[in-house]
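Take a walk through this protein chain.

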Amino acid sequence: MSAPTTESPSSAAAPRPERNPTRWVVLAVICLAQLTVLLDNTVLTVAIPSLTEEMGAATSDIQWMINAYSLVQAGLLLTAGSAADRYGRKKLLAAGLALFGIGSLAAGLSETTGQLIAARAGMGVGGALLMTTTLAVIVQVFDDEERTKAIGLWGAVSSLGFAAGPLIGGALLNHFWWGSIFLINLPVAVLGLLAVLKWVPESKNPAGERPDLLGALLSTIGMTGVTFAIISGPEHGWTSARVLVSGAVGVVVLAAFAVWERRAPYPMLDMQFFRNRRFVGAVSGSILVAFGMGGSFFLLTQHLQLVLGYDPLQTGLRMSPLALVIIVLNLTGVGARLLPKVGTPVSIAGGMGLLAAGLAAIAVLGADGYGGMFFGLVLMGTGIALAMPAMATAIMSAIPPEKAGVGAGLNGTLQECGNGLGVAVLGAVLNSRFAALVPAVAAGAGSLPAALAGARTDGDRAAIADAFATGVHTSQLVGAAAVLAGGLIAALLLRRAERSETPQ
């Protein structure tokens, strides 16, 4: 028997359309745009001490500087994807770059914390447009044969942004003031905008459907409410009024969005997609791999800085092997060549199994030093390089090409939610385990620094550090179990979908 592939029988028999001769140039351009957004997701973390000192930013201010961007972006992803389908992906990609550049300029020149938070929210609008249109353009420009490789390269750029953000931020802050981490975006945004206008072809939904304004409003409110609850939970408590009210509003509004989309004459998100087993399987896997990645990155930074004692720049350097493995494997096309041979279910199950094994290896082998952690990071990077392109391809292949923007928006939304849930759930496991093991002298402390501040002897400090390390260890094992379960569930659903699509 031949291994299952991602193509249906009808698509395999159809004549191959003429390929865009500049498609690889287009990919380079949109990856440049993607890199601009992703660098900003991580570069701000190393500037927290500088912002605290130079702007007098309180802890709540710092949290809003970080969260304003992700909150706005997560709330607008579906709406941005729908708008790109209706009005043109090239137009919205250019608009996203322009908004992101203007927001970066405003952030770099901010004089108060309020101005910086507002600028970060504006950058989130541009980021939402960029995150949806880049993947949608790939679907339009590349055919089935090359699309997996192109998505893999797109994913490699995401990993490069994750790895390079702290390194670039640390280098800039060693020579310039904190605003330089935002102003560095300007030349990249300008070059990206010029390249988009010159090389990226325009594409949009040929049906010319009317915009679903109510659906856009409901999805934005609902996603913002859910995301705000996820972000606020670890700090304010999951039973606090802030979390319960915002979460309840988000869930109720999203339920109303689902009901409306089933009745709307021109729905923004066709709910019939969720009857497609391939789509549901890929969606399930995407959420859980993002859960594992988001939670593990949060735990890794805690582990490296608070347990092993590295500074932010050293932490970024020691986490870079994970991203470098993803980049190398995707640039060499390993995942793209493997996917047609073993099939989407095996690629996803194998990749997420390696990701889970990497998390478990870090928990077991990386407790006392970096050697075991390095091995785990390599396993994680290999797993992500295999699973992520396969899942993105499965999601996008289950959605009609004219809805590519909505598909990309949904993919981005799922990743944002998965990342947030990973941080929230695994962070809660860490805090619970830490609180149960911390010595009586630090009882009630909500963090490792607070607990250490109350310690009186070296023995107390050692016991507190051990309690925190045990909490990190337990959380990483919980994350590994969740990722492994997600891989198996996604693979099972996708295998059933392929069997149902196979002609009898």
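Predicted model: local features only at pLDDT ≥ 70, side-chain atom pairs only at ≥ 80, totals over all residues.

The chain has 504 residues, and 52% of them are buried. Its accessible surface comes to about 20,800 Å². Carbon and sulfur atoms account for 66% of that surface. What is the chain built from? It holds 19 helices and zero strands.

Now look at one pair of helices. Helix H12 covers residues 277-307, and helix H16 covers residues 370-397. Their axes come within 9 Å and cross at roughly 155°. An angle over 145 degrees counts as roughly antiparallel, so H12 is roughly antiparallel to H16. H12 passes H16 in a left-handed crossing.

Which residues make this contact? On the H12 side, they include Arg278, Phe279, Ala282 and Val283. Further along H12, Gly285, Ser286, Val289 and Met293 take part. Ser296, Leu300, His303 and Leu304 of H12 also belong to the contact. By class, the contact of H12 with H16 has 16 nonpolar, five polar and one charged residues.

Turn next to helix H5, residues 89-108, which packs against H9. Helix H9 spans residues 185-199. The axes of H5 and H9 are 9 Å apart, at an angle of about 165°. That angle makes H5 roughly antiparallel to H9. The crossing of H5 and H9 is left-handed. From H5 come Lys90, Leu93, Ala94, Leu97, Phe100, Gly101, Ser104 and Leu105. They meet Asn185, Leu186, Ala189, Gly192, Leu193, Val196 and Leu197 in H9. This contact of H5 with H9 has 10 nonpolar, four polar and one charged residues.

Pick out one residue from this pair. Leu186 lies in H9. Is Leu186 buried or partly exposed? Its relative accessible area is 24%, so Leu186 counts as partly exposed. Leaving aside neighbours within four places in sequence, Leu186 is in contact with Gly101, Ser104 and Leu105. Leu186 and Gly101 are 85 residues apart in sequence. In space, they are 5.5 Å apart, C-alpha to C-alpha.

Two more residues complete the walk. Ser82 lies in helix H4, residues 59-87. With a relative accessible area of 5%, Ser82 is buried. The cut-off for buried is under 20%. Which residues touch Ser82, leaving aside its neighbours within four places in sequence? Ser82 is in contact with Met268 and Val406.

Finish in helix H17, residues 404-437, where Ala424 is found. Ala424 has 1% relative accessibility, so Ala424 counts as buried. Ala424 and Gly294 are 130 residues apart in sequence. In space, Ala424 and Gly294 are 9.3 Å apart, C-alpha to C-alpha.

Notes. Residues numbered from 1 in each chain as written. Heavy atoms only, no water. Helix = DSSP H or I, 4+ residues; strand = E, 2+ residues; numbered from the N terminus. Buried < 20%, exposed > 50% of the residue type's maximum accessible area, 1.4 Å probe, protein only. Areas by Shrake-Rupley, 256 points an atom, 1.4 Å probe, with all protein chains shown as cover. Axes fitted to C-alpha atoms, helices over the stretch in contact; angles between N-to-C directions. Parallel < 35°, antiparallel > 145°, perpendicular 65-115°, else oblique. Left-handed = near helix turned anticlockwise from the far one by under 90°. Contact = heavy atoms within 4.5 Å. Nonpolar A, V, L, I, M, F, W, Y, C, P; charged D, E, K, R; others polar.
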